[in-house]
Amino acid sequence: AMATEDSLSHWRNGVGAYNAGDVQRAIQEFKSAKPSKGVLFNLGVSTAKVGDNQNAIRHFDEVLQLDPSLGVAYLTRGACKHHARMFEQALLDYDLAMRCLSSEAPAIDYSAEGLQFEMNQVDLLFNRALALKELARIPEAASDIAAARSLLDNRTMNRQPALDKLAAQLASMQNGGRAPSGGAHPQPSQPQAPPQQQQPQVQQQQQQPAQEQ
């Protein structure tokens, strides 16, 4: 049990360091913990944060070997490839993430995995449109943005300005213009922080019943 306890304290120290802005120390802590799915995911998020996309991609590869159904890891790996300007490969990952969603479940909340993040179709369509724009596949990008706008709901309404901005850029490119320069380029959406805590597997099976209101 000592080893597990030790690994957990590295996990907690890593998250603490990350949240305090000391990402390099977080990476060292996560590397000292047992390489579970969550630890590897944290390593991916942390190495991506310091701009080391190649290592981040490798960590997300390892996560997906352990759990090929973890949609958010396809999203984060896709975002790393996107930042590394590997747009074709980023598109493949966004598509794999998209397959983890369905019309019945258009969003996945990862809080049970200790990750304060919800993956939804709006963000995936936005990311995919950004990558398609970089590849000059403008009509496809425009149709992704139209689809994303039609899916906006209370939870994703705050994405509307970014969608509108990208739609305007695409429209001007379709009319033979260049993308307007100036202003920050929209960045792909992805989790901005690592999972807060490691959930022992046993607890996961026994989800707490919802409290009656």
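A residue is called buried when its relative accessible area is under 20%, exposed when it is over 50%, and partly exposed in between, using a 1.4 Å probe and protein chains only. The model is predicted, so local features need a pLDDT of at least 70 and side-chain atom pairs count only at pLDDT 80 or more, while totals for chains, interfaces and linings use all residues. Residues are numbered from 1 along each chain as its sequence is written, and side-chain values use heavy atoms, with hydrogens and water left out.

**View 1. The whole protein chain.**
The secondary structure of the protein chain comes to 10 helices and two strands, where helices (H or I, at least four residues) and strands (E, at least two) are DSSP runs numbered from the N terminus. Read along the sequence, these elements follow the pattern α-α-α-α-α-α-β-β-α-α-α-α. Of the 213 residues of the protein chain, 43% count as buried. Contacts (heavy atoms within 4.5 Å) can also be sorted by sequence separation: among those with a separation of 6 or more, 57% are between residues 24 or more positions apart.

Helix H7 covers residues 121-134, and its 14 residues should span 20 Å at 1.5 Å a residue, which agrees with the 20 Å between its end C-alpha atoms; the expected span is 1.5 Å times one less than the number of residues. Because 13 of the 14 residues of H7 are buried, the helix is largely enclosed by the rest of the structure. At the N-terminal end, Asn120 caps H7, with a side-chain oxygen 3.0 Å from the backbone nitrogen of Val122. After H7 comes Ala136, whose phi is positive, near 60 degrees.

**View 2. The largest nonpolar core.**
A nonpolar core is a set of buried Ala, Val, Leu, Ile, Met, Phe, Trp, Tyr and Cys residues joined through side-chain atoms within 4.5 Å. The largest such core has 55 residues, and those with the most contacts inside it are Phe41, Met119, Leu124 and Ile145. H7 gives the most to this core, with eight residues. When residues up to four places away in sequence are not counted, Met119 touches a list of residues that includes Gly71, Leu75, Ala97, Leu101, Tyr110 and Leu124. In soluble globular proteins, nonpolar side chains tend to be buried together.

**View 3. Leu70 in a loop.**
Leu70 is found in the loop between helix H4 (53-66) and helix H5 (71-83), and at 7% relative accessibility it counts as buried. Leaving aside its neighbours within four places in sequence, Leu70 is in contact with Lys37, Phe41, Val63, Leu64, Tyr110 and Glu113. The C-alpha atoms of Leu70 and Ala97 are separated by 8.2 Å, although these residues are 27 residues apart along the chain.

**View 4. Thr47 in helix H3.**
Thr47 has its place in helix H3, which covers residues 37-49, and this residue is buried, with a relative accessible area of 4%. A polar contact is a pair of N or O atoms within 3.5 Å, where, within protein, one atom must be able to donate a hydrogen and the other to accept it, and residues adjacent in sequence count only if both atoms are side-chain atoms. A polar atom of the Thr47 side chain lies 2.6 Å from the backbone oxygen of Leu43, and the side chain of Thr47 also reaches the backbone nitrogen of Ala56 at 3.5 Å. Not counting residues up to four places away in sequence, Thr47 touches Ile27, Asp52, Asn55, Ala56 and His59.

**View 5. Salt bridges.**
A salt bridge is a side-chain nitrogen of Lys or Arg within 4 Å of a carboxyl oxygen of Asp or Glu, and by this rule the count comes to 15 salt bridges. Side chains of opposite charge can pair when their charged atoms come close. Asp61 forms a salt bridge with Arg77, the closest N and O atoms being 2.7 Å apart. This pair links distant parts of the chain, with Asp61 in helix H4 and Arg77 in helix H5, 16 residues apart. Asp61 is partly exposed, with a relative accessible area of 29%, whereas Arg77 is buried at 12%. Asp61 and Arg77 are linked with Lys81 and Asp93 in a network of salt bridges. In another salt bridge, the side chains of Arg12 and Glu5 meet at 3.3 Å, N to O; Arg12 counts as partly exposed at 46% relative accessibility, and Glu5 counts as partly exposed at 40%.
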